[in-house]
Amino acid sequence: TLLNAQYKSQVWVADQDNGRYRNPVLYADYSDPDVIRVGDDYYMTASSFNCVPGLPILHSKDLVNWKIVNYALTNLYLPGVEPQNFFDKAQHGKGVWAPCIRFHKGEYMICWGDPDFGIYVVKTKDILGRWDKPILVLPGKGRIDPSPIFDDDGKVYLTHAWAGSRASLNSIMTICELNEDGTKVISEESLIYDGLLHGNHTTEGGKFYKKDGYYYLLAPAGGVEMGWQIALRSKNIYGPYEMKKVLHQGSTNINGPHQGGLVETQTGEWWFMHFQDKGVYGRIIHLQPVTWKDGWPVMGINDKDYCGEPVITYKKPNVGKTYPIETPQESDEFNSPKLGLQWSWHANPKQTWGYASSLGYYRMYGQYYPEDYINFWNIPNLLMQKLTAPELTATMKVTAVLQNEGDKAGLIMMGWDYSYIALVKTKESY
């Protein structure tokens with residue numbers, strides 16, 4: 001296949017080919033998305049937890065048609081992680097939490113919080129190339145959801161939230177000052193917002209923006225499954241912040257529409273990408289129009305008191321041109337010397353787990369069960385991709401050479417629970 005040929009899913013396409021799109025724009029678990037525009041290009045990243053490679057980079061020209069183009073992390077051997085081989089095991093729900101992507105002075109940067117180890121940043125000048133080594137900016141337990149802001153006077157600030165599970169407190173946003181390249185904390189932390197003041201429990205996931213003299217902190221509140229999106233604004237970065245609820249479920253069946261990134265198109269339209277929690281399926285990605293009203297970003301449609309509700313279908317963003325339909329890669333003929341970008345492992349891969357080839361197959365080698373093996377949740381050498389639609393068919397062709405009794409190879413659907421079909425070597429046969 002040609003590298004720049006557009007892949008089109010047979011199971012979920014958001015672009016309706018008539019100037020409109022339908023939500024979700026990505027029916028896949030791109031949890032806690034963030035998005036930026038650089039020139040005519042849109043880039044998105046998302047949480048990757050314990051999966052390797054981590055921090056997927058998706059590219060779009062119109063916010064509706066997306067392609068996976070890179071990862072910012074090749075492995076999870078990170079500074080400050082103790083023990084160093086922590087992510088050699090499947091550490092479910094740990095690792096790379098909500099990231100924030102920014103472009104500043106010719107450099108791309110992604111900040112993320114690891115709930116156990118602290119806040120990291122990783123940078124590159126070439127978003128499609130290999131990223132630099134990650135830097136631990138702010139060590140500590142429970143710090144999550146960072147967002148930097150590069151102010152007009154050259155100062156740099158970082159806001160972040162707190163994970164109740166690790167810090168024994170949450171619903172608050174704190175801020176500190178960073179050095180000018182955003183890699184080192186140079187001040188104490190200050191409290192800038194306590195969600196409990198306004199009934200916004202579990203305020204977290206904030207993203208900083210500056211517009212027309214206001215600092216805006218856009219944050220989810222109310223919890224992952226049933227929450228809402230709030231906008232905080234202040235003329236002073238340390239507050240006090242005024243608050244409006246700007247997006248909620250309303251009369252729709254889109255539960256908890258919140259946490260994501262705000263972006264302006266080349267033609268001056270504003271859009272918000274956020275997730276919806278679909279239980280065991282993961283968190284899927286929706287796109288909402290944004291209207292500025294009295295200096296507040298009202299998201300979605302049918303707003304009451306500055307608070308909108310999600311759209312199911314809507315006219316596509318105006319980016320000045322029309323682009324071909326494209327969806328993230330799914331099917332794979334395994335005929336490339338490099339593994340397709342839709343694939344990731346359950347943990348840091350060992351070099352002998354598998355090899356891509358241009359021969360029409362991916363060769364995997366059997367591994368011993370881990371010492372503390374209970375079930376497949378503990379198996380690190382699972383090669384997997386995200387589901388991309390509510391209903392799909394997966395077909396796999398396998399040639400297996402199993403030498404020892406009990407050897408096993410097959411196809412798994414892995415999640416909160418799992419099912420698999422496997423070929424097993426018995427004493428007598430397969």
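Let's start with the rings: this structure holds 23 aromatic pairs. Keep in mind as you look around that the model is predicted.

Take Trp270 and Trp292. Their ring centres lie 5.5 Å apart and their planes meet at 75 degrees, so this pair is edge-to-face. The two come from distant parts of the chain, with Trp270 in strand E19 and Trp292 in strand E20, 22 residues apart. Are they buried or exposed? Trp270 counts as buried because its relative accessibility is 18%, and the cut-off for buried is under 20%. Trp292 has 22%, so it is partly exposed.

Now for a pair with another geometry. Phe376 and Tyr420 have ring centres 4.6 Å apart and planes at 10 degrees, so they are stacked. Phe376 sits in the loop between strands E27 and E28, while Tyr420 belongs to strand E30, 44 residues apart. Phe376 is buried at 11% relative accessible area, whereas Tyr420 is partly exposed at 39%.

Next, look at the nonpolar side chains. In soluble globular proteins, these tend to be buried together. Here the largest nonpolar core has 32 residues, and Tyr30, Leu63, Trp66 and Met273 have the most contacts inside it. Strands E3, E5, E19 and E20 each give two or more residues to this core. Pick out Leu63 and you'll find that it touches Val25, Tyr42, Trp271 and Pro317, among others. Apart from this core lies another, of 24 residues, including Ile57 and Trp112.

Methods: Residues numbered from 1 in each chain as written. Predicted model: local features only at pLDDT ≥ 70, side-chain atom pairs only at ≥ 80, totals over all residues. Heavy atoms only, no water. Core = buried A, V, L, I, M, F, W, Y, C linked by side-chain atoms within 4.5 Å. Buried < 20%, exposed > 50% of the residue type's maximum accessible area, 1.4 Å probe, protein only. Helix = DSSP H or I, 4+ residues; strand = E, 2+ residues; numbered from the N terminus. Contact = heavy atoms within 4.5 Å. Phe/Tyr/Trp six-rings, centres within 6.5 Å; stacked < 30°, edge-to-face > 60°. Lists of a residue's contacts leave out its neighbours within four places in sequence.
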